[in-house]
Amino acid sequence: MRHIGGYLLIGIGAMFVMATYFNIPLAIDKLWPAFLLIPAIAFHIFFFMNPKPNRAGLLVPGGILLVYAPLFFFSQIFMDGDMSTTWPFFLIGPAVGLTELYIFGGRKKGLLIPIGILTTVAVVFLAANLLSSQVGGLLGLLLIVLGGYLVSRKKSDDYSV
């Protein structure tokens, strides 16, 4: 228990240092995702203190919250809370929780189906969001340049070693 208190103090101290030296405001409207991160870490600690397959259900909500908390932090700090392009991570959260359940809960093959479906759908929508942004335009330009290089390079007829 002493270690948990020590880690908590280190985390609070790090927030004060970041607020002071990196000009990150300590406002509850930006820090509320910490209240999701704390139970996520607690679920993992409670499981790994006594890791038995029948207790692996603790990892499902822990894994979900472990994905959502950084997502909300990112959204609050960099995007003013706008999640119009990052919403597919809501599908990745349950996929991570179920993957942890699969790995630590006896490797039941039936879990691979929802994990695969959630991950595939999330990746497809993340790629669609990425390709419809400025990054997609840059990627398109890069592909055009690479294709032009492949088409215009001189053909070597000499295949000898």
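Visitor: How is the lining of the largest pocket split by class, nonpolar, polar and charged?

Guide: That lining has 24 nonpolar residues, 1 polar residue and 1 charged residue. Ala, Val, Leu, Ile, Met, Phe, Trp, Tyr, Cys and Pro count as nonpolar, Asp, Glu, Lys and Arg as charged, and the others, Gly among them, as polar. This is a predicted model, in which local features need pLDDT of at least 70 and side-chain atom pairs count only at pLDDT 80 or more, while totals for chains, interfaces and linings use all residues. Residues are numbered from 1 along each chain as its sequence is written, and side-chain values use heavy atoms, with hydrogens and water left out.

Visitor: Which residues lie nearest the centre of that pocket?

Guide: Leu8, Gly11, Ala34, Leu37 and Ile38 do, out of the 26 residues that line the largest pocket. A pocket is an open set of points on a 1 Å grid over the protein atoms alone, where a 1.4 Å probe fits, with protein on both sides within 12 Å along at least five of seven lines; lining residues have an atom within 4 Å of a point.

Visitor: And which elements give two or more residues to the lining?

Guide: Helix H1 (2-21), helix H2 (28-31), helix H3 (34-49) and helix H4 (59-78) do. Helices are DSSP runs of H or I with at least four residues, numbered from the N terminus.

Visitor: Which one gives the most?

Guide: H1, with 9 residues in the lining of the largest pocket.

Visitor: Now the loops. Where does Lys52 lie?

Guide: Lys52 lies in the loop between H3 and H4. Its C-alpha atom is separated by 9.2 Å from that of Gly106, although the two are 54 residues apart along the chain.

Visitor: Why is Lys52 called partly exposed?

Guide: Because its relative accessible area is 43%. Buried means under 20%, exposed over 50%, and partly exposed in between, using a 1.4 Å probe and protein chains only.

Visitor: What about Arg107, where is that?

Guide: Arg107 lies in the loop between helix H5 (89-104) and H6. At 48% relative accessibility, Arg107 counts as partly exposed.

Visitor: What is phi of Arg107 near?

Guide: Phi of Arg107 is near 50°, a positive value in a residue other than glycine. Most residues other than glycine have a negative phi.

Visitor: Switching to the helices. Is Gly97 buried or exposed?

Guide: Gly97 is buried, with a relative accessible area of 0%. It is found in helix H5.

Visitor: How many residues apart in sequence are Gly97 and Val67?

Guide: They are 30 residues apart in sequence, and 8.9 Å apart in space from C-alpha to C-alpha.

Visitor: Next helix. Where is Ile115 found?

Guide: Ile115 is found in helix H6, residues 112-131. Its relative accessible area is 11%, so Ile115 is buried.

Visitor: Last one. Where is the place of Leu146?

Guide: Leu146 is in helix H7. With a relative accessible area of 46%, Leu146 is partly exposed.
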